[in-house]
Amino acid sequence: MELSAIMKDKLNAGDNVVALHEGVLLQGWSPKAHRLLALVERNLSFGLFIFTTSRNPPQAFTDLTINFVVPIDNDFKCDIDSLSAESNSDIYINLSARNLKLFMGMDSGHETNHFFNELSRSMDLYLKNQQTLDFQWLKKYNINDIDLELGLMMNINGDNTSNSIITANMAVPENDISFPTGTHTSSRESVIQRQMILSEEQYTYAQNFSIYIGTWNVNGQPTLSSLNDWLTCDSEPPDIYAIGFQELDLSKEAFLFNDSPREEEWLQAVTKSLNSKSNYKKVSLVRLVGMMLIVFVKNKHMDHVKNVATDTVGTGIMGKLGNKGGVAVRMDFHNTSLCFVNTHLAAHVEEYERRNQDYQNICSRMVFSNFTPPKTIKDHNQVYWFGDLNYRITELDPISVKELVRKNNFKNVLEADQLRQQHRAGNVFKGYKEGPINFLPTYKYDPGTNDWDSSEKNRAPAWCDRILWRGNSIKQLAYRSHPNLLISDHKPVSALFESEVRVVDLAKYRKIHEHIMKKLDKAENEYLPQVMVDNTEIIFHKVQFMEPQLKELTVANTGQVPVQFEFIKKLDDSTYCKEWLRIEPFMSFIDPGEKCDITLEVLIDKKSSYKMISGQDKLYDILVLHLEGGKDIFITVTGNYERSCFGCSLETLCYLKVPIKNIPFGKLMELENNKSNMTSDPYPVPKEVWYLVDHLYRHGLKQEHLFEQSGLRSEFIQIRNWLDNGTPDALPGSVHSVAEALLILLDSTSEPIIPYNLHATCLSAVSYYSQCKQIISQLPERSKNVFLYLCAFLQELLNHVNDNKLDVKTIASVFGEIFIRDPPRSRSDKSGHTRTSMSRKKTNFVYHFLVNDQSDLIINTSF
């Protein structure tokens, strides 16, 4: 009996076979298995049927079992794969749809060409007729969906934002096995968990929950007795609250040491103002200076909240000061991972690039490190990002903006909105959405009123306070401001979402779990993991200070079983790679026929630059890629580091009379290791320090927020090149970038200006200026010169506080962390209270030299 006749018997009446072809399944836990593919048509709509056969060739329709049916629609894709050159098949095909992903091999020839021509034609017909096509006929077929050879390949929703779960109580991003730190998970368990992720749709169901997001820049004001107008504006109580504040406390105590009584005050006010129709429990609170985020859930949901974690990122100067930045809370809710991010980005109308840079820094530095591997913001099913993003209105003057807003003509004003412009350009918030804005700008008002800013600055109204989201199955129900709350120059904003969460059916979960374990038992007895690595020698060319370089490495699973890999540390090493190298992911899971792209990033920063200059380290490492249950693969990483003044000791820099790029590397190493016999007299202070300070003296004395506001990374690179190469051109960059370059230069030396061995003496002497002076007088000559030179400049800077709005305590705090820099890795060994106490002492030590006369010290110094 011909195959076409057998197929006709198998299908329903009116369903026509257009093309048939046989392929070899190149993934799964069984030996390479034959599959029969049939392209079937009904009323100009097409479906792809995938069959297994009990006999080959089949003799009757009972020999055919339908594994899967997929419509040829917008989600269907068919691509040629080029990674499997060692297979015996001639053509390698990736077939993917909404909930299916197959990797198959086929013999080349006329029949294959015909099949794919028909498949292509069916896709073209869909594009022409998609508005009128009906695929309901496909649902009439019974599918053997517990065929785990195929079912384990399911890739639900088919994109990286559709992250799923691994157990009934733990959510994990798709293609990223992560476990809370402290839990031990064997290779077998991780294989099972990975397969549970891919089978999620078979044992979970979707359920909608309401999520309320609120954000308010309170301008340092004390709390109100009631926040009901903001937090209980909806009749029904939400399942989850995420409430973010900015500028909670504007005091110097909060800014410098992160201490604030306002935290408890606002927490109590929020707790009292939650919707009274339900009872809530606080999941987490996290604060950095004036940014605070509180997450609540209904009491009845708390049993389904797992793996709560928080992190903070300061984006002030050198990434340390927390006056700007972000705080985040992540958690697993049922089987969906949620991340809430509250941020306060750089201020001022013209600083949109700095806001973009703040966003990028928060994305790269916000890490939940109590997971292995650590999670970042992007590793979540749903992300809600909100706060005072500070994007302003440009291209329109304040009068025009106010007039358009008065007429409720928000559309024309929003065309000049910086966030919309930068988002459209792809510079920030890729993949995020924001709902329609139908409310008045939220900034800037005269506090206590609904009147626009009447100060001399006459700022144009702007929507500084925003709420965005990323993820599937999220519907925004409301997006509004709350103008009746008058205490701040900002208005609070809120949004209500209906969000789809995956909930486990425990009976189905146990059934699938048991099935997978049985399949794994068989596979473990028959196959070993095998992978192919596309490059085992990674070379980085011309690596420069603070300029990251990226390379990619591809690992493909060419075996018959899933593979878990991990980069492991070598014997006697404490980590799996050197500190200047970052690998992502450093551990992962690859299904048969799949591949994993690994990013290797080299970054020489202040922690590693001095080691490169002195010869303590070099751009060379050997990585060990370990396969669970298989062999180890060795990968070498090499590169060339371009020498820079950043990382040199003060002593070495004082002896350099020409740009550092003109000094041979060998000579530089001799200087760093005190093995060079220099006959020329050194400069009193390094010329690089003098160049930067002189520029600030001439251009920055009256600049507001100097040494508080961060510079631009692109400008820092220009300044570094100017210092390293020497050029007759003027020093590039804004004064903020020059100020940050000065701090980075001082912070990148192997020893701080006050050597580590004197730190304890310094901190014990902070109450007595005479003892502090005695310590400085005993410093090595070059260190003493630089210390006194910088303090003299800072005193002059503080003579202009009426113009630059600087505060002596703030400057003392910034330079205290530079002059008395903590030894490497010591900060992680101290409690928060100990770190705060030490920061206060460092500040007090430097404070003496900013408010007292130093002439007696300078007289004995060789400037």
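This is a predicted model: local features need pLDDT of at least 70, side-chain atom pairs count only at pLDDT 80 or more; totals for chains, interfaces and linings use all residues.
Residues are numbered from 1 along each chain as its sequence is written, and side-chain values use heavy atoms, with hydrogens and water left out.

We begin with an open sheet of five strands, whose order is β15-β16-β17-β21-β22 and whose pairing is mixed. The names come from DSSP runs numbered from the N terminus, where a helix is a run of H or I with at least four residues and a strand is a run of E with at least two; two strands are said to pair if DSSP finds at least two bridges between them. At the edges of this sheet stand β15 (305-314) and β22, each of which pairs on one side only. From one strand to the next the twist averages 10°, an angle taken between axes that are lines fitted to C-alpha atoms (for helices over the stretch in contact) and that runs from 0 to 180 degrees between N-to-C directions.

Moving through the sheet, strand β16 (residues 325-333) runs antiparallel to β17 and is joined to it by nine bridges, with F333 having T336 of β17 as its bridge partner. Strand β17 (residues 336-344) is in turn joined to β21 by seven bridges, and these two strands run parallel; here C339 has V383 in β21 as its bridge partner.

How many of the residues of β21 are buried? Seven of the seven are, so β21 is largely enclosed by the rest of the structure. Buried here means under 20% relative accessible area, exposed means over 50%, and partly exposed lies in between, as judged with a 1.4 Å probe on the protein chains only.

A pair of aromatic rings is described by the distance of the centres and the angle of the planes. Rings of Phe, Tyr and Trp (its six-membered ring) pair if their centres lie within 6.5 Å, and planes under 30 degrees apart count as stacked, over 60 as edge-to-face and the rest as tilted. By this rule the structure has 37 aromatic pairs. One of them is the edge-to-face pair of W385 and F429, with 5.2 Å from centre to centre and 85° between the planes. This pair links distant parts of the chain, since W385 belongs to strand β21 (residues 382-388) while F429 lies in the loop between α11 (418-424) and β22 (465-470), 44 residues apart. W385 is buried, with a relative accessible area of 0%, and F429 is likewise buried at 0%. F429 also forms an edge-to-face pair with Y432, at 5.4 Å centre to centre and 90° between the planes, and Y432 counts as buried at 6% relative accessibility. Elsewhere, F707, Y769, F787, F815, F819, F845 and F849 form one aromatic cluster.

A second open sheet of five strands has the order β26-β33-β32-β28-β30, again with mixed pairing. Its edges are β26 (537-543) and β30, each with a single partner strand, so one side of each is left without a neighbour in the sheet. The twist in this sheet averages 20° from one strand to the next. Strand β28 (residues 563-568) pairs with strand β30 (residues 587-590) in the antiparallel sense over four bridges, and V563 stands opposite I590 in β30. With strand β32 (residues 620-627), β28 also pairs in the antiparallel sense over four bridges, F567 standing opposite L625. Strand β32 is then joined by seven bridges to strand β33 (residues 632-641), and the two run antiparallel, with V624 having F634 as its bridge partner.

V289 is buried, with a relative accessible area of 6%, and its C-alpha atom is separated by 7.7 Å from that of L248, 41 residues apart along the chain.
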